[in-house]
Amino acid sequence: MAEAIRVLVALAEHADPPLVKAALEGEPSLDVIGYASYDDDWQAFLAQPADVVVVACGAGDDATAHMVDRAVKHRPDRPVVVMSQESPNGFLRQAFEAGADDFIALPQSAPEVAFVLQKVIARRKGTVTSGKPPAKVITVLGPKGGTGKTLTATNLAVALAQRGKDVVLVDLDLQFGDIGLAMGLSPERTITDLMKAGPPFDHEKIDRHLLRHSSGVKVLIAPTRPDQAGSLSVDYLRDVYAALRTMSDAVIVDTPPGFTAEVIATIDVSSDICMIGMLDSLSLKNMKLGLETLELMGYETGNVTLILNRSDSSVGILPEDVATIIGRAPEVSVPSDREIPRSVNEGVPIVASKPGSGVAKAFEALADRYSTPVAGATKPEKAPQTGLAAGVRTLIGRRS
Ligand SMILES: Nc1ncnc2c1ncn2[C@@H]1O[C@H](COP(=O)(O)OP(=O)(O)OP(=O)(O)O)[C@@H](O)[C@H]1O
Ligand SMILES: [Mg+2]
């Protein structure tokens, strides 16, 4: 015989407990493991291992919708069914908007209820892959310091938010992260606080640790002091990414220079990578090494977008040379702009403070790559054979 369905029952204010019990108890295929009312400890209640949550109500109201919302956010993979003893009228839509999977009108026999719950659970299992896909995780890498990673992460996040996307920006530069400054946010809650709160990393807990930027971007900022960086567990980080992917359209991760354990764990879950470099031989060497490292890690480098920052600098290497050095041409070029330090100081990314500027247009083009499918976006161009600055030829020649 199939295992009984484990049911958690949330009783809204005007629910009729005897009626609800009659609909759920005495049926061998249903195992009611707990009841809770609005005032109870919801965290503990929802943390119990159950297959489905039933929210029982009178006619349904805002408080009931809130209970549905909390149950959905706590475990998005677990179905939530509303049981109502009065005609739901407008409440039904409200319940579905809150994330309810189905609705049962009371009174109802327990076998009938068991049938509906089985159907809902089966439907969920069958739609795990056909429903909304998990959010992209776009990691911004630049193996050398100061190349424009934070500039790119913040502007990409805001440009995606401007395109209607629900964006979470994570500052993984745990020692010297400056996303908070660049976005003008005070560090009320940081990634360290979230880690200290510990698992389970449900939507509600994560949401409490995200700061809101005026653009709509939600931000998980880095610890305020470098000595707090050590308390971050890579396992916890993976759990946080898994939850973030189900609660947003895009997760953008800013990183420190280099491949730290946290950066490697992040690359593992990344759907896309932005690799930033500048027109100097050290930066380009590190960019090339970075790409090679990703290849060694088995990462699909077709999903890596190369970004050339300060692309108009006159330093003896031409943007065209980059393709020869790196082995492929950058997909996005960002010019230098004196407004950038100003925008960082003001805490307003340049796509918001100076839309229409060359820099803003570059980041808008980058955001378009992730918000609309671009034909050939993951196919890097072949490197044209151009002349190289002598020093760079020597440098790169050693490795190629
Ligand atoms: N295109 C540009 N034009 C003008 N200034 C720029 C440009 N790109 C970056 N900067 C400035 O260079 C500095 C470094 O940029 P940013 O902080 O984005 O680099 P980073 O790669 O995140 O550095 P780190 O490795 O230290 O985290 C910042 O002060 C920024 O304002
Ligand atoms: Mg940075």
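Trainee: Is Glu339 buried, partly exposed or exposed?

Mentor: Keep in mind that this is a predicted model, and that the reading rests on relative accessibility, with partly exposed lying between under 20% for buried and over 50% for exposed. Glu339 counts as partly exposed because its relative accessibility is 25%, and Arg342, at 48% relative accessibility, also counts as partly exposed.

Trainee: With which residue does Glu339 form a salt bridge?

Mentor: Side chains of opposite charge can pair when their charged atoms come close. Here Glu339 forms a salt bridge with Arg342, and the closest N and O atoms lie 3.3 Å apart. The two are separated by about one helical turn, because they stand three residues apart in helix 14 (residues 339-346).

Trainee: How many salt bridges does the structure hold, and which parts of the chain does the pair Asp166 and Lys218 link?

Mentor: The structure holds 13 salt bridges. One of them joins Asp166 to Lys218, with 3.1 Å between the closest N and O atoms. This pair links distant parts of the chain, since Asp166 sits in the loop between helix 6 (149-162) and strand 7 (167-171), while Lys218 belongs to strand 9 (residues 218-220), 52 residues apart. As for accessibility, Asp166 is partly exposed at 28%, whereas Lys218, at 16%, counts as buried.

Trainee: How exposed are Glu188 and Arg189, whose side chains meet in a salt bridge?

Mentor: The N to O distance in that salt bridge is 3.7 Å. Glu188 counts as exposed because its relative accessibility is 54%, and Arg189 is partly exposed, with a relative accessible area of 28%.

Trainee: Turning to helices, what span does helix 3 reach, and what is expected?

Mentor: One compares the end-to-end distance with the span expected at 1.5 Å a residue. Helix 3 (residues 62-74) has 13 residues and reaches 18 Å from its first C-alpha to its last, close to the expected 18 Å. Several of its residues are buried, including Thr64, Met67, Val68 and His74.

Trainee: At what angle do the axes of helix 6 and helix 16 cross?

Mentor: For two helices, one reads the angle between their axes together with how close the axes come. The axes of helix 6 and helix 16 (residues 358-371) come within 9 Å and cross at roughly 60 degrees, which means that helix 6 is oblique to helix 16. The crossing is right-handed. Among the residues making the contact are Leu151, Asn155 and Leu160 of helix 6, and Phe363, Leu366 and Tyr370 of helix 16.

Note on methods:
Residues are numbered from 1 along each chain as its sequence is written. Chains are lettered from A and ligands numbered from 1 in the order in which they are written. This is a predicted model: local features need pLDDT of at least 70, side-chain atom pairs count only at pLDDT 80 or more; totals for chains, interfaces and linings use all residues. Side-chain values use heavy atoms; hydrogens and water are left out. A salt bridge is a side-chain nitrogen of Lys or Arg within 4 Å of a carboxyl oxygen of Asp or Glu. Helices (H or I, at least four residues) and strands (E, at least two) are DSSP runs, numbered from the N terminus. Buried means under 20% relative accessible area, exposed over 50%, partly exposed in between (1.4 Å probe, protein chains only). The expected span of a helix is 1.5 Å times one less than its number of residues. Axes are lines fitted to C-alpha atoms, for helices over the stretch in contact, and angles run from 0 to 180 degrees between N-to-C directions. Angles under 35 degrees count as roughly parallel, over 145 as roughly antiparallel, 65 to 115 as roughly perpendicular and the rest as oblique. A crossing is left-handed if the near helix is turned anticlockwise from the far one by less than a right angle, and right-handed if clockwise. Contact means heavy atoms within 4.5 Å.
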